[in-house]
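Subject: Structure handover

Hello,

Here is the structure I promised to pass on. Please open it first, then read my notes below.

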Amino acid sequence: MKKSFKFFAVAIAAIMTIGSIASVSCDKENGDDVSGSLSGPMGKADVALPKNANNPYDTIGALHNIMMEECREKMQSYYLGHGTWSVTASDSIATAILEDHGFYVPGYDLNFITSLLADSASNYLDYALDHGASNSEIMTIRNIVTNIKEMVFANEPYSQIKGKIVSNEELVLSNPSLSNNEKYVILSATSVLRHSLYYWLNYDGFDIGMSPSAKEDNPTQNNNSGRGWRIALADLGGALTGAVTGASAGATAGTAIGNPVAGVAIGTVVGTIGGAVKASCDQATKEANNNQVQQPQCE
């Protein structure tokens, strides 16, 4: 993935798969497979691509993965230069990446994202509800999150996890009781969840290959799948909150950039992408920092 990816190429390339990246972990010396149930950086041969052509807002999730690749590379460079993982630095890096691609969300400062990430106990849904999400949006996403979480911790193949999300998206698309705006909010969030899980269940975290994997007492909550799930869930929370607050947060696109989602206000679209990218970058850095505190670095 080229780091200097031009946005007007992104609108087309966004629906393409994210290229695999080889990584080497010192965990191998301890016999620890850092990819969990997925064998290799991009998983088993039966892993399906994350896109769903039937979701009219699927570009949102694909753009998240493209920018997350840039954020991962820049945060790894920061770690190599400073020897630590900094959420403050990651937030600044995410802001710069978004601005480089023409996405401006001045309202999503570090305090906003930190407050969002503090709501993990509710799967970030209370925070979204407090910021304008409808009850229908929250109930629909809560059901999806509950079902998908069980599949992730059961180490189901990504292809089956994706299939479950896609089937829920079909129900949303055909639900006459949901408004067009509610469908956008839900489907943009599920697009981010689907693409984000593909990314994080394969790459595990920013510190993959750079420090040992955290091993805690409850493997169902803290194994590699659990860590990938926590980051992906934060991404969904960022997308959901971003979708309902983007316009009010001053989200705008650069003048050279067209709206990547037809029929939806640009501020709303930019807010969704901005919330997802910033939450993802900051949560992944938070996970890496927690891991560094728990485990000594490789000699």
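Start with Thr-140, which lies in helix H6. Keep in mind that this is a predicted model. Which residues does Thr-140 touch, leaving aside its neighbours within four places in sequence? They are Val-172 and Ile-186. Look at Ile-186 in particular. Thr-140 and Ile-186 are 46 residues apart along the chain. Their C-alpha atoms are separated by 7.6 Å.

**H6 and H8**

Now step back to whole helices. Two packed helices are described by the angle between their axes and the distance between the axes. Helix H6 covers residues 135-153, and helix H8 covers residues 180-203. Their axes come within 10 Å and cross at roughly 20°. Angles under 35 degrees count as roughly parallel, so H6 is roughly parallel to H8. The crossing of H6 past H8 is right-handed.

Who makes this contact? H6 gives Ser-136, Glu-137, Thr-140, Ile-141, Ile-144, Ile-148 and Val-152. H8 gives Asn-181, Glu-182, Val-185, Ile-186, Ala-189, Thr-190, Leu-193, Leu-197 and Leu-201. Sorted by class, the contact of H6 with H8 has 10 nonpolar, four polar and two charged residues.

**H2 and H8**

H8 also packs with helix H2, residues 59-82. The angle is about 40°, and the axes are 8 Å apart. H2 and H8 are therefore oblique to each other. H2 passes H8 in a crossing that is right-handed.

From H2, the contact residues are Ile-60, Gly-61, Ala-62, His-64, Asn-65, Met-68, Glu-69 and Arg-72. From H8, they include Tyr-184, Ser-188, Val-192, His-195, Trp-200 and Tyr-203. How many nonpolar, polar and charged residues does the contact of H2 with H8 have? The classes are nine nonpolar, seven polar and two charged.

**H2 and H3**

H2 has a contact with helix H3, residues 87-100, as well. The axes of H2 and H3 come within 10 Å and cross at roughly 140°. That angle makes H2 oblique to H3.

On the H2 side you will find Met-67, Glu-70, Cys-71, Lys-74, Met-75 and Tyr-78. They meet Ala-89, Ser-90, Ile-93, Ile-97 and Leu-98 in H3. By class, the contact of H2 with H3 has eight nonpolar, one polar and two charged residues.

**The largest pocket**

Last, the empty space. Rolling a probe the size of a water molecule over the atoms shows where empty space is left. What volume does the largest pocket have? The value is about 240 Å³. The lining of the largest pocket has 15 residues. Nearest its centre lie Ser-120, Tyr-124, Trp-229, Arg-230 and Leu-233. Which elements give two or more residues to the lining? They are H6, helix H10 (224-245) and helix H11 (266-294). The lining of the largest pocket divides into five nonpolar, six polar and four charged residues.

Best wishes

How values were computed. Residues numbered from 1 in each chain as written. Predicted model: local features only at pLDDT ≥ 70, side-chain atom pairs only at ≥ 80, totals over all residues. Heavy atoms only, no water. Axes fitted to C-alpha atoms, helices over the stretch in contact; angles between N-to-C directions. Helix = DSSP H or I, 4+ residues; strand = E, 2+ residues; numbered from the N terminus. Parallel < 35°, antiparallel > 145°, perpendicular 65-115°, else oblique. Left-handed = near helix turned anticlockwise from the far one by under 90°. Contact = heavy atoms within 4.5 Å. Nonpolar A, V, L, I, M, F, W, Y, C, P; charged D, E, K, R; others polar. 1 Å grid on protein atoms, 1.4 Å probe; cavity = no way out; pocket = protein on both sides within 12 Å on 5 of 7 lines; lining within 4 Å. Points joined across faces, edges and corners; volume = space filled by probe spheres on them.
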